[in-house]
Amino acid sequence: MPPLQPIATNIWVMDFPLRVGGLQLGTRMTVVQLASGGLWLHSPGPLQPEHVSAVSALGPVQALVAPNAMHNLFLAQTVVLFPRATVYVSPALPAKLTPLIPHEILTDFPPALWKEEISQHVVGGLPKLQEVVFLHHASRTLILTDLAFHIRHSDSWFTRLFMRLNGVYGHFGPSRIFRALVKDRAALRASLALLQTWDFDRVVVSHGEVFESGGKQAM
């Protein structure tokens, strides 16, 4: 399978194996080509030379996005691979960046680089996660990280069992672990209500399958 999978015009996903505590979760990087011709990389994965070549063939990488407090595992190595890119991080991440990486903090207001093409929102009520969600307008794609999972199949019995106990195996939705991180339910509800005003159909998650159609209703 080619390392980059197109899901719509100017947007691709790249999937990687990822094992966490015996769980075979997998992880996904999303790549958007901006009007500038440059690339926006969401939740960079463990890039190997063939992955770097595939990405570089599309254009120069301008933005590296670490969208929540848990998705920075491969950020430092990606910065080395694409040193001219600007790093954008969740408000929860600066204290965790070791070594310290020059960065800009994501807010509800997109940077000039992508403000005409991608909207964003810092999800409320989750102070330890502070996930930032994104909407790619042209493809009507909502881009999530850990706000929802969509793991419908796994070759690992342990992963299947754990994710069933976690409430997310076989369907789209939030995990029990995620729910435990909620500290302000009203703030979370307000964020989810805001997302319902966005125009999207597809939902990209970091763990599990891309939700190709009907994503807004599922949310």
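The talk below sets values against definitions.

Guide: This is a predicted model, in which local features need pLDDT of at least 70, side-chain atom pairs count only at pLDDT 80 or more, and totals for chains, interfaces and linings use all residues. Residues are numbered from 1 along each chain as its sequence is written, and side-chain values use heavy atoms, with hydrogens and water left out.

Visitor: Why is the pairing of aspartate 15 with arginine 28 called a salt bridge?

Guide: A salt bridge needs a side-chain nitrogen of Lys or Arg within 4 Å of a carboxyl oxygen of Asp or Glu. The closest N and O atoms of aspartate 15 and arginine 28 are 2.7 Å apart. The pair therefore meets the definition. A search of the whole structure finds 3 salt bridges.

Visitor: What makes aspartate 15 and arginine 28 a link between distant parts of the chain?

Guide: Aspartate 15 sits in strand β2 (residues 11-16) and arginine 28 in strand β5 (residues 27-33), 13 residues apart. Helices (H or I, at least four residues) and strands (E, at least two) are DSSP runs, numbered from the N terminus.

Visitor: Is arginine 28 buried or exposed?

Guide: Buried means under 20% relative accessible area, exposed means over 50%, and partly exposed lies in between, with a 1.4 Å probe and protein chains only. Arginine 28 has 7% relative accessibility, so arginine 28 counts as buried.

Visitor: What makes arginine 202 and glutamate 212 a salt bridge?

Guide: The closest N and O atoms are 2.9 Å apart. Arginine 202 lies in strand β13 and glutamate 212 in the loop between β13 and α6 (215-218), so the pair ties together parts 10 residues apart in sequence. Arginine 202, at 11%, counts as buried. Glutamate 212, at 41%, counts as partly exposed.

Visitor: What makes the patch of positive charge on the surface?

Guide: Arg176, Arg179, Arg185 and Arg189 gather there. Patches are made of residues with over 30% relative accessible area and no salt bridge; like charges are joined within 9 Å, and nonpolar side chains (Val, Leu, Ile, Met, Phe, Trp, Tyr) within 5 Å. Lys and Arg count as positive and Asp and Glu as negative, while His and the chain ends are not counted. The place of a charge is taken as NZ of Lys, CZ of Arg, CG of Asp or CD of Glu. Helices α4 (176-180) and α5 each supply at least two residues of the patch. Arginine 185 lies in α5. At 55%, arginine 185 is exposed.

Visitor: Which residues make the nonpolar surface patch?

Guide: Trp157, Leu161 and Leu165 make a patch of about 370 Å². Accessible areas come from the Shrake-Rupley method with a 1.4 Å probe; for residues, only the protein chains shown count as cover. Leucine 161 is in helix α3 (residues 157-165). Its 40% makes leucine 161 partly exposed.

Visitor: Why is threonine 78 called buried?

Guide: Its relative accessible area is 0%, so threonine 78 is under the cut-off. Threonine 78 lies in helix α2 (residues 75-81). Leaving aside neighbours within four places in sequence, threonine 78 is in contact (heavy atoms within 4.5 Å) with Pro44, Gly45, Leu47 and Leu64.
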